[in-house]
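The sequence and the structure are shown first.

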Amino acid sequence: MDRSQKAESVAQLNAVFSEAGAVVITRNLGMSVAQSTALRGKMRDAGATYKVAKNRLAKLAIADTDYVGIGDFLTGPTAIATSVDPVAAAKAVVDFAKTTDKIEIVGGAMGSQVLTPEGVKALASMPSLDELRAKLIGLVQAPATKIAQLSTAPAAKLARVFAAYADKDAA
């Protein structure tokens, strides 16, 4: 890699860190190409990215971002998982780590808050942004549904009373 390629790589990583809602640092312990491809596929499906980057370049890239605190995690064979949704990257990595012992969660960060491996696992157990939105919409719609049911209930009861009188008179 020549100097211009390194500068371009640092700029790309810096852009990724600037937009990321969460970053998870993993250590690869001899993953096969198939396992790595499967992990990248899971990350894409979750709306996250997974990138192996040179530690020195990654440290340069985090210099002007909120993720300065994760510089200590960037030693050895590491990879960086990022996502705009704070939960997506953590959830995808933790789910994949359950299926293999070839990946180790080193730590991560959510903004300027540095996370231990346990913190990353706790973050992964939280509902995603889409799940929270769905719950919120459900909570908002529930009262409206109840009001609609209550407003139509008296009319339905009145209709049943009239039908009962009509049946009584017909008999």
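This is a predicted model: local features need pLDDT of at least 70, side-chain atom pairs count only at pLDDT 80 or more; totals for chains, interfaces and linings use all residues.

## The hairpin of E4 and E5

In the hairpin formed by E4 and E5, 2 residues lie between the strands, and Gly111 adopts a positive phi near 70°. Strand E4 (residues 103–110) and strand E5 (residues 113–115) pair in the antiparallel sense over 3 bridges. Within this pairing, Ala109 has Val114 in E5 as its bridge partner.

Is strand E4 mostly covered, or is it mostly open? Strand E4 is mostly covered, with 6 of its 8 residues buried.

## Strand E1 and its two partners

Strand E1 (residues 22–28) is joined to E4 by 6 bridges, and the two strands run antiparallel. In this pairing, Ile25 stands opposite Gly107 in E4. Strand E1 is also joined to E3 by 6 bridges, again in the antiparallel sense. Here the bridge partner of Ile25 in E3 is Ile80.

## Strand E3 and its buried side chains

Strand E3 (residues 78–83) is mostly covered, and 6 of its 6 residues are buried. Thr78, Ile80 and Thr82 point one way from E3, while Ala79, Ala81 and Ser83 point the other way; all of these residues are buried.

Strand E3 also pairs with strand E2 (residues 48–51), to which it is joined by 4 bridges in an antiparallel arrangement. Lys51 has Ile80 in E3 as its bridge partner.

How many salt bridges does a search of the whole structure find? The search finds 1 salt bridge. The side chains of Arg27 and Glu104 meet in a salt bridge, with an N to O distance of 4.0 Å. Because Arg27 lies in strand E1 and Glu104 in strand E4, the pair ties together parts that are 77 residues apart in sequence.

The two partners can also be described by their accessibility. Arg27 counts as buried, at 19% relative accessibility, whereas Glu104 counts as partly exposed, at 35%. The limit for a buried residue is under 20% relative accessible area.

## Surface patches

Arg3, Lys6, Lys54, Arg56 and Lys59 form a positive surface patch. Helix H1 (3–19) and helix H3 (55–61) each supply at least two residues of this patch. Arg56, one of the patch residues, is placed in helix H3. Arg56 is exposed, with a relative accessible area of 68%.

A nonpolar patch on the surface is formed by Val161, Phe162 and Tyr165, which together have about 330 Å² of accessible area. Val161 belongs to helix H6 (residues 129–170) and counts as partly exposed, at 40% relative accessibility.

## Ala46 in helix H2

Ala46 is located in helix H2 (residues 33–46). At 35% relative accessibility, Ala46 counts as partly exposed. How far apart are Ala46 and Pro143 in sequence and in space? Ala46 and Pro143 are 97 residues apart in sequence, and their C-alpha atoms are 32 Å apart in space.

Notes. Residues are numbered from 1 along each chain as its sequence is written. Side-chain values use heavy atoms; hydrogens and water are left out. Patches are made of residues with over 30% relative accessible area and no salt bridge: like charges are joined within 9 Å, nonpolar side chains (Val, Leu, Ile, Met, Phe, Trp, Tyr) within 5 Å. Accessible areas come from the Shrake-Rupley method with a 1.4 Å probe; for residues, only the protein chains shown count as cover. Lys and Arg count as positive and Asp and Glu as negative; His and the chain ends are not counted. The place of a charge is taken as NZ of Lys, CZ of Arg, CG of Asp or CD of Glu. Buried means under 20% relative accessible area, exposed over 50%, partly exposed in between (1.4 Å probe, protein chains only). Two strands pair if DSSP finds at least two bridges between them.
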